Amino acid sequence: MSGKYTSGKFFDGQTATPHEVAVEITPTQIRIAKGSEAIIWPMENVKALSDQARRQGIVLECIDSGEERLVLPDDTIADHLKETVPALFKRRVSGKMKRRVMIWGGGAVASVCLILFVIIPLLANTLATFIPVQREVAMGNFTIKQIENVFVSAKKDQPKTCTTPQGQAALDKMIDRLTPHFENPYPPSVRVMRSPLVNAFAVPGGHVVLFEGLLKDAESPEEVAGVLAHEYGHVVNRDPTRLGLRTAGSAGILGLVFGDFAGGFAALALAEAMMNADYSQEAEMEADQFSHEVFARAGLPSSRLADFFARLEAEHGDVEGLLSYIATHPELKGREAAANAADVIQGADFEPVLTSLEFAALKRICTDDKRVIEEDET
Amino acid sequence: MNLASSGQVEYSGETGPLFKIALANAVLTLLTLGIYRFWARTRERKYMWSAIRADGSHLEYSGNGLEKFLGFLIAVAFLAVYLGVFQLLLTFLGYSFFEEDAQLGLIPGLGFSLAPLIILPLIFYAQYRARRYVLSRTRWRGIRFGAEKAAWRYVGVALWNLFLTVITLGILYPRMVFKLEEFRTNHSYYGDAKLHQGGRWPMLYKAARQFFIGLGLLILGILLTIIGEVQGASTLTGAGGVLFFVANFWIIIGGMAFGVNAWRMMANEKRLGEVVTFTSTVKTSEVVGRYIGGFILIGVIVSIFVGVAALLFGGLVSAFDPADPDFGQTTGAIGLVGFIVLYLGVLISVSVLTLVWITQPILEKYVTTLTINNAQALNDISQREGDDFVEAEGFADALDVGAAI
């Protein structure tokens, strides 16, 4: 059987000496004549190097003898091989390699899960108790400045934190109604910020921030008090500090896994959101429970909280299914049911948190300063 | 075919083919959330290695993506616990030592400045191992390069020299550069031939001249400013400020020039086996010029891209009626899409253009100015034992301290 003839450079993989060789290519094999010696490469084992920058020719190896290389400078021969040998650039992955990847893949996943879901939460909870309260308060002041910068939509001449004499008096009355019923390790600090968002935060160091949008959305003072009690729950449990530590620990891990690649930012943000959602689902449940207990001791109906959740659901819809993994708070339906179940008043009379006049003053804590403010965007 | 040894080194890589590889890599890396990065780097290395032709034969990069991925998995399995706990402790220290300053607000305390110290040994370790992996996967004429298993000793040398550099306020930095390169070289092989670094570290002070001139200008600038302030002489303060500004540029460019000078001086003092030596005539001004030119070019292109995209999305928004009740939602969605497109576009174009306009041209400058002396002696070099390096450069990947290419 006759084939194509060409010449090339051969490296035997033993020494760096180049050998000039005559080469015969048939459909089944490559025959390399190195002096008087003949080397036979079966065609099914012949592979070519990929992504080469050379301007001409092709470099071949034989997968049985991985050290040898054959350089063929003739382009017509290179094209001939590319056309006639279908698997020229395809390399099989050995079973051993596949097993190794599986084993270590499992090991890597297990290791990451262990640290994310067991070690970091445990360590964070323990360490959080060692941080001095003054430090937490200082951290909190820092965080509050950040919240002001990001969320607060005040005009230049408007203060970011709202206060009016009547509004502040109503807020203080509400705080006084709740605080005797639990122990707060931090100096008391509650403030209302100018933002249309329906939201509230607990910040490290016992600070609680209510957004103006939440006050406007509330239909009874008990709803606001319920949110306040919920945030106090976070404060008492030191949640902001614990969660801060957890987030920092897991951010290190996620950065490690996803690396510094172009899409890493998005993947990192998503993964971290999921992590935090999971942490806080548990923390939110506990804060809800705390608010129910405080309400019971203060002689207030937690069913008012359920009303609030029901209205939130009607207005904004619940996040169910996949999205609920990303949402920071548990499903509203579940929270509504829990609030109803914890109600000790059961429709009986109770002393309201605020009179309707005081409640109106609280709702206008940001608007009574006689300045025109820009109304919501929703 | 001419098999006589010339010792010439050429570079045959071109912008077009590398651009295609880099673009495909960037897109695939995005789509796979970063997993493809191991295969991406393999392709780029294969191309650039094979473009280097020394004494008539091309280099070959024989690494593959899967082994890098495996190495990464191994590193993650080991490092996850260490890094997670480490990061958390650091944040704890940050919380505990946050200082409240009357004027500056909150300033990070001691905890944050300690951070790099704890991870530093690991970074040097990973860098040495990554280099050893790359050498073990580099072949020329079928013969492998290689490095000894000396990563922990390298960490020791690096930390000691870093310590000396820090306590002498950077005056011994050239010594550190020399000692580390000497260690790496003296533990490297081509086949069974050992590489040797000659010369002594004080020679690098000549290479650092511009850098130290910049440093001197900086100190002079600061002194002038202080004297001007104290004596109330505003011209002196102004001159100090100008000097300070100039000195910063001088230091940056002087630092780049030092890198090139040091590389050339040390290449000229390297020896492979008994007789093979090297001559590098790489021009400092050309390499530095290419860096600066590349940065400016990429900056301009990316700015144009951002400008055009902003105009496009701005035009899109203005096509909607502000009276429409859905206006806010629609324009918000357009803004979000616009931001994502812009963000990804900038990332992709910067990574691709850096490779083709900075990395490859500079590699070409280094390579084509290199000559191998007594190259015929290379023919006698025999194969070295394979280095079955299971973790590949996994530690460097995981710590993100891998080489640029």
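Helices are DSSP runs of H or I with at least four residues, numbered from the N terminus. With that in hand, here are some close-ups of this predicted model.

**View 1. A nonpolar patch on the surface of chain B.** Two helices, α10 (234-268) and α11 (284-318) of chain B, each supply at least two residues of this patch. The largest share, eight residues, comes from α11(B). Among the members are Ile252(B), Ile253(B), Tyr291(B), Phe295(B) and Val308(B), and the patch has about 910 Å² of accessible area together.

**View 2. Leu312(B), one of the patch residues.** Look for Leu312(B) in helix α11 of chain B. Leu312(B) counts as exposed because its relative accessibility is 60%, and exposed means over 50%.

**View 3. An open sheet of 10 strands in chain B.** Follow the strands in the order β1-β2-β3-β6-β7-β8-β9-β10-β11-β12, with antiparallel pairing. At the edges stand β1 (9-11) and β12 (370-373) of chain B, each with a single partner strand, so one side of each has no neighbour in the sheet. On average, neighbouring strands of this sheet are turned by 30° against each other, direction ignored.

**View 4. Strands β7 and β8 of chain B side by side.** Here β7 (residues 143-147) and β8 (residues 188-190) of chain B pair in the antiparallel sense over three bridges. Gly146(B) can be found opposite Tyr189(B) in β8(B).

**View 5. Helices against the strands of chain B.** Helix α2 (residues 37-51) of chain B packs on the sheet and touches β1, β2 (52-54), β3 (57-61) and β6 (138-140) of chain B. The direction of α2 makes about 165° with that of β3(B). Helix α10(B) lies across β9 (193-197), β10 (270-272), β11 (276-280) and β12 of chain B, running at about 150° to β11(B).

Conventions
Residues numbered from 1 in each chain as written. Chains lettered and ligands numbered in written order. Predicted model: local features only at pLDDT ≥ 70, side-chain atom pairs only at ≥ 80, totals over all residues. Heavy atoms only, no water. Patch = residues over 30% accessible without salt bridge, like charges linked within 9 Å, V, L, I, M, F, W, Y side chains within 5 Å. Areas by Shrake-Rupley, 256 points an atom, 1.4 Å probe, with all protein chains shown as cover. Salt bridge = Lys/Arg side-chain N within 4 Å of Asp/Glu carboxyl O. Buried < 20%, exposed > 50% of the residue type's maximum accessible area, 1.4 Å probe, protein only. Pairing = 2+ DSSP bridges. Axes fitted to C-alpha atoms, helices over the stretch in contact; angles between N-to-C directions. Contact = heavy atoms within 4.5 Å.
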